[in-house]
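Student: I would like to work through this protein model with you, taking the helices, charged pairs and backbone in turn.

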Amino acid sequence: MMQILDNEKEQRITPLFRLAFRPFFLGASIFSVIAMIIWAMFWSGQLTNVQLMYGNPVWWHAHEMLIGFTGAIIIGFLLTAVQNWTGNPGVRGPKLMVLFALWLVARIGLLFANPHWVWMVIDLSWIPLAAFFLAQPIIVRRQWNNLFFSPLLILLTVINALMHLNALSITQFDLHKLTLALVTVISVIVLVVGGRVIPFFTWRGTNTAQITRPEPIEWLALVPSWLLMLNVLLPIPEAINQITLPALFIITGVTNLIRFARWRSFSTAKVPLLWSLHFAYGCMVIGMLMLGAHFAGMAISYSVGLHFITVGGMGSMILAMMARVSLGHTGRNLQVGRIMVFAFLVMIASVLVRTLMVQLLPALTLNGYVYSALLWALAFGVFAIVYFPILSKPRVDGRPG
């Protein structure tokens, strides 16, 4: 049963800090706009001062889009969802302010400062703190099936630490391998969460028969995902890895395609909040298959496969989920206007420019990087403008949150 909050205490909290989705969705979106404009300026040759990006533009882009941006959205979503899972009030007020401040200070430091252990410590603090806030109500309610999210967040922190050690030149881990590890861990989170909510949202949003989730199909899709994550994280001998890595990427893609095929994607054509989610999950599947083909030796770019997952799968999923969650948790109707439909379409264009354009027209690769980054900035900029009053004002129904 949901615990009743003291309404007077709730009223004393600034609306922006009444639930985690509010500051993290808004802050991360604005940050991603800034980050992508900087990234476009770098590739177009208009930004030559690489000190602006922690001294290493490639490191900064990978780290900040996977940890700084995507990590913030995951935290905002999980710390909001845990209230629904457990019935316990989510983290809010001063605790949430501290958590968000740590995230924000780290983003500013990693943009403007030189590599230093102080920034590493700050950036390694906010995700474990969020994992603690997430685990507390789950343990109290003994909902062990949801507890695994906290260890996944700690795992993200470990990889984050390795990236910082690289930036400080203390260690020399391969940046591509660390990036792939981050992408794989986040992909598992996306596949798990997406598999839970997309069928439910589709059923409720299309007024059709309930979409069941048969355990055999769920296990068929998720077990290869977990095995893939272990394969990427563990020190597998190269001779074995050359076989297992492409195989697990392809198996994960195929089994999740089987899972995805049951979700009645065509029924969502008239519901933007749904077809945008289905598009994103489809990109996750395509990206997995493309990376599998790449590691199997086929003529498919690693970068293209990776960005089908990161831009198409994660980016599009984030935009769609934020749009829906923000409406639902502020007491509004689950409908978006034309301007947000435009943002969803711009995001699709960003995906296609960054992947298919680069794959099919390699001579325009740098143009693809720039245009895709600017399209991303436009899509998330639209979200930030449209949703600023939604995220910064109290719920329209007067309820807490």
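Tutor: What follows is a set of questions and answers about this predicted model.

Student: How many residues does helix α8 have, and how far does it reach from its first C-alpha to its last?
Tutor: Helix α8 covers residues 175–206. At 1.5 Å a residue, a span of 46 Å would be expected, and the reach in the model is close to that value. The helix has 32 residues and reaches 43 Å.

Student: Where is the kink in α8 centred?
Tutor: The helix bends by about 35° within its residues. The residue on which this kink is centred is glycine 194.

Student: How many of the residues of α8 are buried?
Tutor: Buried here means under 20% relative accessible area. By that cut-off α8 is mostly covered, and the count of buried residues among its 32 is 24.

Student: Which residue caps the N-terminal end of α8?
Tutor: At this end of the helix, the backbone nitrogen of histidine 176 has a side-chain oxygen 2.9 Å away. The residue that supplies this oxygen, and so caps α8, is aspartate 174.

Student: Which residue follows α8, and what is its phi?
Tutor: Most residues other than glycine have a negative phi. The residue that follows α8 has a positive one. That residue is asparagine 207, with a phi near 55°.

Student: Where is arginine 142 found, and is it buried or exposed?
Tutor: Arginine 142 has a positive phi, near 55°, in a residue other than glycine. It is found in the loop between α6 (126–140) and α7 (149–167). Because its relative accessibility is 64%, arginine 142 counts as exposed.

Student: What is the place of arginine 264, and how does its relative accessibility class it?
Tutor: Arginine 264 also is not a glycine, and its phi is positive at about 55°. Its place is in the loop between α10 (238–260) and α11 (272–295). Since its relative accessibility is 31%, arginine 264 counts as partly exposed.

Student: How many salt bridges does a search of the whole structure find?
Tutor: Side chains of opposite charge can pair when their charged atoms come close. A search of the whole structure for such salt bridges gives a total of five.

Student: Which residue meets glutamate 218 in a salt bridge?
Tutor: Glutamate 218 counts as buried because its relative accessibility is 9%. The N to O distance of the pair is 3.3 Å, and the partner is arginine 213.

Student: Which backbone nitrogen lies 2.8 Å from a polar atom of the side chain of glutamine 83?
Tutor: Glutamine 83 is found in helix α3 (residues 57–86). Because its relative accessible area is 8%, glutamine 83 is buried. The backbone nitrogen that lies 2.8 Å from its side chain belongs to glycine 90.

Student: What is the area of the nonpolar surface patch that includes Leu227?
Tutor: Leucine 227 lies in helix α9 (residues 215–233), and it counts as partly exposed because its relative accessibility is 42%. The patch is made by Trp219, Val223, Leu227, Leu230, Leu233 and Leu234, and its area is about 540 Å².

Notes:
Residues numbered from 1 in each chain as written. Predicted model: local features only at pLDDT ≥ 70, side-chain atom pairs only at ≥ 80, totals over all residues. Heavy atoms only, no water. Patch = residues over 30% accessible without salt bridge, like charges linked within 9 Å, V, L, I, M, F, W, Y side chains within 5 Å. Areas by Shrake-Rupley, 256 points an atom, 1.4 Å probe, with all protein chains shown as cover. Salt bridge = Lys/Arg side-chain N within 4 Å of Asp/Glu carboxyl O. Helix = DSSP H or I, 4+ residues; strand = E, 2+ residues; numbered from the N terminus. Buried < 20%, exposed > 50% of the residue type's maximum accessible area, 1.4 Å probe, protein only. Expected span 1.5 Å × (residues − 1). Bend = angle between axes of the 7 residues up to and from the residue. Polar contact = N/O pair within 3.5 Å; in protein donor to acceptor, adjacent residues only side chain to side chain.
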